[in-house]
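Biologist: I'd like to learn how to read a fold from its elements. Could you take me through this one step by step?

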Amino acid sequence: MTGPAHVKRSAWRAAMHHAADVARASGREAIGWLLGFFEGDEPYVLDAVPATRYQHQSRYGAVADPAEEAEIAMQYPRNVGIVGLYHSHPFRDETRHAIFHSTTDDATLKSRASRRENYLSLVTDGRSAECFVHREGGPVEVSPAIEEDLSMAGHLRKFTASVSPSVSLTLAKTDLAGVVAALERRVSSDLDRVLRSASVGSASVRLDGFGGEAHRNRLLIEPEGAGYGVELSLHLEPLVFVAGKDDAEVLRAMRNEILDDVLFLLWRGFDPASVSLEGAERFEANLGTLRVHEGSLLPKKLYRAPKRATVLRRRA
Ligand SMILES: [Zn+2]
């Protein structure tokens, strides 16, 4: 890391208050996540959220539910979200120095650092805190720069794209999970093709061949010959945030964001395992909408479920 870890004062305080509250209420360790972004190799922490579900929680150790971490990670667009974690050592009264990075703490950090270098680990006794990153050989303490005003502005550039294609394919008879898997592969390869001729403007990405007329997210399956005709209409408003100046980085972020959205809608819109296509004359799934809401601290993805998710008509 070339510079310090940047931490907004309100996030720093939120982590410590959470730790102190849990220590007061139950004497147990508290865990939470640090939210923000990376600029180069430096983490910027703008917000902190407490874990609400634990696999186990005691005075000398705790493990957060990994599903909650995954749910939080999914709520943010690419390059924004979890940049570290915090936890507490609520035993200030038992030792002269309760803030240290234990072997267990380092194992946890090492697993996260394998996903992202300079992933931060903040340890607090509820009154003060220290920050660590993982390096070969163990934890290294880094000095945080606590900053009053910290925002994404000036650090990340924002890019939109207009994405409303209809994707049609014909499939041999399969189940709904098979249809969804085929669509994943198709959208992924279409995206690769479209991106080869994409151009990056000052605030938007032009994806020729991915525009179109679709005005909502919908999956339609009808019998066709011995198999199925499948049509996936997409109306997405992807928003990505990129720190680098490199167009390739913008395109990579946009590709992954669009694919994230499509997979989220396909798997969230309905449960493929609960619907049988056997004898179906028409199956329609409204997949809801996904929008990025630019909050005061960090942009967040909001999913709106459809009023009526699926309609299945069988042959009489
Ligand atoms: Zn610890």
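Biologist: Let me begin with a pair of strands. In which sense do strand E7 and strand E8 pair, and over how many bridges?

Modeller: Keep in mind that we're looking at a predicted model. Strand E7 (residues 120-124) and strand E8 (residues 129-135) are antiparallel partners, with 4 bridges between them.

Biologist: What is the strand order of the open sheet of 8 strands?

Modeller: Going across, you read E9-E8-E7-E6-E2-E3-E1-E10, and the pairing is mixed. At the edges sit strand E9 (138-142) and strand E10 (144-147), each of which pairs on one side only. Ignoring direction, neighbouring strands in this sheet are turned by 35 degrees against each other on average.

Biologist: And which strands does helix H2 touch where it packs on that sheet?

Modeller: Helix H2 (residues 66-74) touches strand E2 (31-39), strand E3 (42-50) and strand E6 (81-88), and its direction makes about 145 degrees with that of E6. Then there's helix H3 (residues 103-113), which lies across E6, E7, E8 and E9 and runs at about 60 degrees to E8.

Biologist: Now the other sheet, please. What is the order in the open sheet of 5 strands?

Modeller: That one reads E12-E16-E15-E18-E21, with antiparallel pairing. E12 and strand E21 (310-314) are the edge strands; each has a single partner strand, so one side of each is left without a neighbour in the sheet. From one strand to the next, the twist averages 10 degrees. E12 and E16 run antiparallel and are joined by 6 bridges, and Ser166 is found opposite Ser233 in E16. Helix H4 packs on this sheet, where its contacts are E12, E15 and E16, and its direction makes about 130 degrees with that of E12.

Biologist: How do I read a helix like that one, residue by residue?

Modeller: Start from the geometry: an α-helix has 3.6 residues a turn, so residues three or four places apart point the same way. Now check the length of H4 (residues 176-196): at 1.5 Å a residue its 21 residues should span 30 Å, and the end C-alpha atoms are 31 Å apart, which agrees.

Biologist: Which residues of H4 are buried?

Modeller: Leu176, Val179, Val180, Leu183, Val187 and Leu191 are the buried ones. Looking down the axis of H4, you find the buried residues within an arc of 105 degrees, so they line one face of the helix. The face turned away from that buried side carries Arg185, Ser189, Asp192, Arg193 and Arg196, which are exposed.

Biologist: What do the buried residues of H4 pack against?

Modeller: Their partners are strand E12 (166-171), strand E15 (218-224), strand E16 (227-233) and helix H5 (247-269).

Biologist: Can we look at a strand with two partners? With which strands does E11 pair in the antiparallel and the parallel sense?

Modeller: Strand E11 (residues 157-161) is antiparallel to strand E17 (residues 239-242), over 4 bridges, and there Lys158 has Phe241 as its bridge partner. With strand E14 (residues 204-206), E11 pairs in the parallel sense over 2 bridges, and Thr160 stands opposite Ser204.

Biologist: Zooming out, how is the protein divided into domains?

Modeller: Domain 1 covers 5-147 and domain 2 covers 157-314. Their C-alpha centres lie 34 Å apart, and the contact takes 13 residues from domain 1 and 14 residues from domain 2. On the side of domain 1 that touches domain 2, the elements giving two or more residues are E2 and E3. E2 gives the most there, with 4 residues.

Biologist: And what do the overall numbers look like?

Modeller: The protein has 5 helices and 21 strands. Its C-alpha trace spans about 75 × 45 × 35 Å along the principal axes, and 34% of the 316 residues are buried.

Key
Residues are numbered from 1 along each chain as its sequence is written. This is a predicted model: local features need pLDDT of at least 70, side-chain atom pairs count only at pLDDT 80 or more; totals for chains, interfaces and linings use all residues. Two strands pair if DSSP finds at least two bridges between them. Axes are lines fitted to C-alpha atoms, for helices over the stretch in contact, and angles run from 0 to 180 degrees between N-to-C directions. Two residues are in contact if their C-beta atoms, placed from the backbone, lie within 7 Å. The expected span of a helix is 1.5 Å times one less than its number of residues. A residue is buried if 20 or more other C-beta atoms lie within 10 Å of its own, exposed if 12 or fewer, and partly exposed in between; C-beta atoms are placed from the backbone. The arc is that of the directions from the helix axis to the C-beta atoms. Domain bounds come from an automatic or database domain assignment.
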